[in-house]
Structures are given as C-alpha cells and as structure tokens.
Amino acid sequence: MLYDRHGRLVLCNRQFLDIYRLPPELGKRGTSFRKILEARVAGNTHVGDAADYYVADRLSAVREGRTLGDIHRLNSGQVISMTHQPMPDGGWISTHKDVTELHNMQAELTHLAYHDALTGLPNRTLFYRRLGTALAEAGSAAVLCLDLDGFKAINDTLGHAAGDTLLRQFAARLGRCLGPGDTAARMGGDEFVVLHRAGTAQSARELAARICEAADTPYDLDGQVVTVALGIGIAVAGADGNEPDELLHHADVALYAAKREGRGNIRSFAPELNRASTDRRRMEADLRRALEFGEFELHFQPILDLRMHAFSGFEALLRWQHPERGLVSPADFIPVAEDTGLIVPIGDWVIREALAEAARWPAGLRIAVNVSSVQLVRGGLVTTIMQALAASGIAHDRVEIEITESVFLTNSEQNLDTLRQLRALGVRIALDDFGTGYSALGYLLAFPFDKIKIDGTFVHALPSAEGAKTIVAAVADIGARLAMSTTAEGIETPEQLRGVHAAGYTEAQGYLISRPMPREALQRLLTDAFDTMPEAPLEQRAAG
Ligand code: C2E
Ligand code: MG
Ligand code: MG
C-alpha cells in the first residue's frame with residue numbers, strides 16, 4: 001500500500017485486502033490509515049498494540065523517517081511479515097507478506113535440528129541445552145543413561161527395519177514414563193538418556209524402576225516377538241557432578257556397572273565405579289590385541305564317565321596370559337568380550353584350536369567347547385564349526401557344544417534354529433550351568449539336549465544341605481527320564497563324588513578328579529594312560 005502524507009491510501013493491491021479479509025471498498029484511494037486499522041480490529045485480523053497507540057506509533061515513525069518491520073501471527077494462524085517504509089514526501093509504503101509457509105518450514109528445520117528423526121525424541125544438542133539450563137536454574141537434576149541389552153543382536157539378525165521399530169516402540173514407552181519437566185533424548189544407536197528435573201536420588205531411582213518395568217514387556221516387531229532388558233545408570237547433580245559432561249559421564253559409568261551386574265539392572269554412580277570403568281576400557285583394548293599376540297591358550301579339564309570309570313573327554317577352558325596382569329580368569333574377560341563382540345573371533349579361535357587338539361587324542365575321547373549366546377546370535381557359528389570339523393577331521397559326534405540358558409533370552413527361535421543345524425551336523429549339545437540364572441524347565445523341552453550339566457554351586461552344597469541334595473537328585477532324575485546324560489560339575493570332595501554317583505549322574509567333573517591342565521600336561525597324561533594304544537598322532541607327539 002502507498003499512503004500519502006495525510007495518512008490516506010494512494011494505492012492498495014488485492015493481496016493486502018485478501019490477507020486481512022477486508023471488503024474491496026476499503027482498498028479505494030482516500031481511505032484513511034485509521035479506518036483500515038479499525039476494520040482489521042473489528043475483523044479480528046489485528047494483533048498487538050491497541051489501535052490508537054498503533055496509529056500514533058506508525059505516524060511518528062514516518063515523521064522521523066524510521067523504517068519499521070515486524071512479523072506477527074494472526075489468529076487464523078497466518079504469519080505475516082510487515083514493513084513501513086517512509087517516503088520523502090511524508091507518505092509511506094507498507095508491505096504485508098504472508099510468510100506462513102516459510103515460517104513453518106523454519107520451525108520444522110529447527111525441530112529437525114533438535115530432534116532425532118527416527119523416534120521424534122530430543123537429540124543430543126537439545127538434551128545438552130536442557131541439561132545446562134536445568135543445572136543453571138535449579139541446580140538440581142539427575143541424568144539417567146539407558147542401554148537396551150541385546151539391541152545389536154536384534155539389529156544384526158532381524159535386520160535394521162526391525163531394529164528401528166524396536167527403537168521407536170521403546171522411545172514411545174520411555175516417553176510415557178516421564179514426569180513433568182523430564183526430557184528423554186536419543187543420543188544415537190541404542191543410547192538413550194533422561195534428564196530428570198525433580199532431581200533427587202530417590203525420585204531418579206523410582207523413575208528408573210518405572211522405565212525398566214515399561215521396557216520389560218515383549219516387543220512385537222511386525223510379528224517377531226522379542227524381549228530386551230534395560231540397564232540404567234544414574235548420576236545426580238551435586239553429589240555426582242555439576243557439569244553436564246561430568247554428569248553424563250558418571251551416569252554412563254554407572255550404566256556400565258549395571259550391565260556388568262546382569263540384565264535389567266539399575267545402578268547409581270559411586271566414585272569407586274570410576275576405577276572399574278577405566279579397568280574395563282583397558283581390558284577392552286588389551287583384549288583386542290590378545291588374539292593377535294597369541295596370548296590365549298586352552299586348558300583342558302577331564303570329564304569322568306561314572307559308569308565306565310574312565311575319562312569320556314575334556315572340556316576346553318579358555319585362559320588369557322596377560323603380559324602384565326598374568327593369568328586373567330574367563331569369568332573376568334568373557335563378559336567384556338561378549339559386550340564388545342570380540343567373543344566372536346575369540347570363540348572361533350577356541351573352536352579351531354580345541355578341535356585341532358582333540359584330533360590328536362584317542363578316538364573315544366570327546367571335546368567340549370563353551371559357546372557364548374553372543375556367538376549364536378551373531379551368526380557364522382555353524383560355518384566356523386563345519387570348517388573346524390573339516391580341518392581337524394575328527395568325528396562330528398566327538399564334539400560337544402556347551403551353551404547356557406542365556407541363549408533362550410533373546411532371539412530364542414533363531415538360536416534354536418542354529419542349535420538344530422549344529423545337531424544336524426551330528427554335533428552334541430549340552431546345557432551348561434543348569435540351575436543358575438534364568439532356569440526354566442521349559443528349556444529342557446524346547447530343545448532335545450544331549451546333556452545337562454548341573455552347576456557346581458549345587459554340588460558344593462553336598463552332602464550337608466538337604467535342599468541342594470534334593471535338587472541334585474531331581475536333576476539326575478530329569479536327565480535320565482529325558483534320556484540326556486547328566487554331568488555334575490565342581491566335584492571337590494570324595495563325599496560329593498559319592499553323592500552325585502549315588503544320585504545317578506552319568507559323569508562328573510571337578511578339581512577332585514583333575515584341575516584344568518595345559519595341553520602339554522594333557523598330552524603327557526594321554527601318553528601315560530593310553531601308551532598301549534596305537535594312535536599315530538600321539539606317538540608322533542611323544543616322539544617329538
Ligand atoms: P563352565 O563352562 O561352567 O566351566 C567350569 C568352570 O568351573 C571352569 O572355570 C573350571 O575351571 C571351574 N571348575 C572346574 N572344577 C571345579 C571345582 O571342582 N571347583 C571349582 N570351584 N571350580 C571348578 P573357568 O575355567 O574359570 O571358566 C569359567 C567360565 O568361563 C566357564 O564356566 C565358561 O562359562 C566360561 N568359559 C571358559 N572358557 C570359555 C570359552 O572358550 N568360551 C566361552 N564362551 N566361555 C568360556
Ligand atoms: Mg562349560
Ligand atoms: Mg558350568
């Protein structure tokens with residue numbers, strides 16, 4: 001629009017009248033600025049200052065030669081960009097531009113910059129900003145770091161689409177657990193964090209418990225039903241740090257501890273955890289090099305056949321000869337190897353090495369190899385075993401794979417399928433550490449195991465504890481009825497050996513019979529015990 005120095009319309013285009021839904025006659029030459037404004041007020045298309053003030057303000061700006069401009073949103077939702085440009089003759093040009101689309105696009109871009117596209121949750125940038133504000137304003141806040149146990153396995157085996165669906169479903173559940181003022185964000189991958197504004201240690205733990213519970217029900221990924229457990233680490237402002245980075249780091253350290261302690265755990269930060277996490281990171285780095293530098297070796301523990309009164313075979317147990325720390329227990333490094341996926345190459349090495357070693361033994365002796373559920377989930381296990389069988393040339397039924405109940409916790413269908421494939425090769429499958437962890441008798445029906453190994457903790461309680469005695473006897477009975485061999489692990493005393501023998505176990509294993517031994521000792525044992533046997537490879541080794 002063009003106004004003259006008296007504030008009367010000289011020129012006005014249609015679009016102006018359309019934007020403010022004004023009747024055409026108002027667009028005629030001579031209409032006063034005030035009249036147009038009054039029509040807009042009446043039509044509810046004026047926002048901001050009262051009409052009198054508005055008119056006075058614009059006119060004085062024109063007199064002073066000031067250019068004005070602003071952007072306002074009408075009640076209709078339209079966003080209008082407006083300018084007043086004074087003219088030398090005392091009139092002015094006023095432009096009104098509908099910028100709704102541009103404005104919304106900008107809002108969307110801003111949203112995109114601060115949110116995760118997959119889940120719609122705030123992203124790292126927005127999380128940091130809100131955490132910073134929370135700490136500056138209230139000084140009280142708690143940070144929760146979350147990790148979906150088994151997510152990588154699901155992503156690897158069911159595909160990225162299923163992985164994405166899982167993350168979206170989890171994000172939705174997470175959102176429903178939050179209180180007012182809380183923020184959940186996705187930092188990337190399966191890493192989620194929560195900013196808890198109420199911020200006491202107690203309320204943070206309650207929130208964590210709610211989240212764990214919500215995460216616990218199975219997820220339906222387009223027909224594939226999976227369960228994942230959630231680990232949560234908590235750091236509280238004040239006690240555990242005052243800077244955003246420090247709080248996040250400490251919550252992450254606590255998360256590591258939670259994961260170490262098992263599935264579905266919640267852990268609050270404590271200073272001593274810092275050390276554990278450094279140790280763990282160091283171990284991770286060391287493990288990566290261990291294979292390359294040949295720091296692993298296998299020890300072998302005999303398994304005694306209680307009916308034949310002879311060794312039926314040996315279990316391969318992994319040993320890590322660390323250059324500085326000495327011998328590291330598998331109980332310490334296997335969980336780290338599992339978390340990092342290093343268990344796959346390490347496990348492959350164990351299988352090749354164990355089968356190659358067994359090829360040198362008399363043909364009646366079996367080799368038992370422990371396999372982690374991560375190896376099953378990651379795939380490739382069947383191929384590795386087939387290759388090792390071919391390379392070593394040993395009879396397939398001499399190989400026994402020991403798995404634990406954890407293989408039933410995630411992707412059990414797919415894991416069962418892998419077990420069936422191994423079984424089809426003629427390899428035997430044993431259920432290790434039976435009675436600990438997540439024992440469900442249903443597992444015994446889910447797969448026809450060749451063997452159950454009852455965990456040493458039950459055996460150790462013999463012969464005094466009545467309860468343990470009953471369980472030990474019952475497991476032997478179940479095995480007999482299901483036509484599975486039964487091994488009692490951890491036999492340390494003659495009474496325990498007598499006890500499991502009387503209970504009907506078919507095999508026994510433990511320090512009383514023999515500790516796990518390095519291969520040289522095993523080879524000596526075999527040459528002594530079997531020196532009458534005409535086994536060519538053994539003779540060669542004895543001679544060499
Ligand atoms: P596991 O398969 O149940 O192995 C039995 C564990 O009990 C071994 O511990 C063995 O040394 C120990 N043991 C044997 N007899 C006795 C006894 O009379 N008393 C006591 N107190 N302990 C006894 P180790 O070698 O430290 O291995 C611990 C666990 O680490 C194994 O439990 C197995 O789950 C895992 N592991 C070992 N080697 C491998 C491997 O190559 N791959 C995988 N994935 N896991 C392995
Ligand atoms: Mg075992
Ligand atoms: Mg065991």
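**Contacts, metals and a ligand**

Me: Leaving aside neighbours within four places in sequence, which residues is V193 in contact with?
Reply: Set aside the neighbours of V193 within four places in sequence. Contact means heavy atoms within 4.5 Å, and by that rule V193 touches F127, L144, C145, T183, A184, A185, M187 and L248.

Me: Before we go on, what pLDDT do side-chain atom pairs need in order to count?
Reply: Residues are numbered from 1 along each chain as its sequence is written, chains are lettered from A and ligands numbered from 1 in the order in which they are written, and side-chain values use heavy atoms, with hydrogens and water left out. This is a predicted model, where totals for chains, interfaces and linings use all residues, local features need pLDDT of at least 70, and side-chain atom pairs count only at pLDDT 80 or more.

Me: Is V193 buried or exposed?
Reply: V193 sits in strand 8 (residues 191-196); helices (H or I, at least four residues) and strands (E, at least two) are DSSP runs, numbered from the N terminus. For accessibility, buried is under 20% relative accessible area, exposed is over 50% and partly exposed is in between (1.4 Å probe, protein chains only). V193 has a relative accessibility of 3%, so it counts as buried.

Me: How far apart in space are V193 and D477, C-alpha to C-alpha?
Reply: In sequence, V193 and D477 are 284 residues apart. In space, going C-alpha to C-alpha, the distance is 48 Å.

Me: Which residues coordinate the magnesium ion (ligand 2)?
Reply: Donors are N, O and S atoms within 2.8 Å of the metal (3.2 Å for Na, K and Ca), and water is not among the atoms, so sites may look incomplete. At 2.0 to 2.2 Å, the magnesium ion (ligand 2) is coordinated by E315 (OE), N370 (OD1), E402 (OE) and D432 (OD).

Me: How many residues apart are E315 and E402?
Reply: Along the sequence, the donors of the magnesium ion (ligand 2) follow the spacing E-x54-N-x31-E-x29-D. The pair links distant parts of the chain, with E315 in strand 14 and E402 in strand 17 (residues 399-403), and their separation is 87 residues.

Me: How do D432 and D433 count: buried, exposed or partly exposed?
Reply: D432 has 5% relative accessibility, so it counts as buried. D433 reaches 25%, so this one is partly exposed.

Me: How much of the accessible area of ligand 1 does the protein cover?
Reply: Start with the side-chain atoms: an N or O atom of E492 is 2.5 Å from a nitrogen atom of ligand 1. A polar atom of D432 is 2.8 Å from an oxygen atom of ligand 1. On its own, ligand 1 has 790 Å² of accessible area (Shrake-Rupley method with a 1.4 Å probe; for residues, only the protein chains shown count as cover), and the protein covers 80%.

Me: Which strand gives the most residues to the shell around ligand 1?
Reply: A residue is near a molecule or strand if one of its heavy atoms lies within 4 Å of it, and 23 residues surround ligand 1. With four residues, the one that gives the most is strand 14.

Me: Which residue's side chain makes a polar contact with the side chain of D450?
Reply: D450 is in the loop between helix 16 (442-446) and strand 19 (451-454), and its relative accessible area is 18%, so it is buried. A polar contact is a pair of N or O atoms within 3.5 Å; within protein, one must be able to donate a hydrogen and the other to accept it, and residues adjacent in sequence count only if both atoms are side-chain atoms. At 3.2 Å, the partner of D450 is R423.

Me: What is the phi of A483, roughly?
Reply: A483 lies in the loop between helix 18 (466-481) and strand 20 (485-488). It has 69% relative accessibility, so it counts as exposed. A483 is not a glycine, yet its phi is positive, near 55°.
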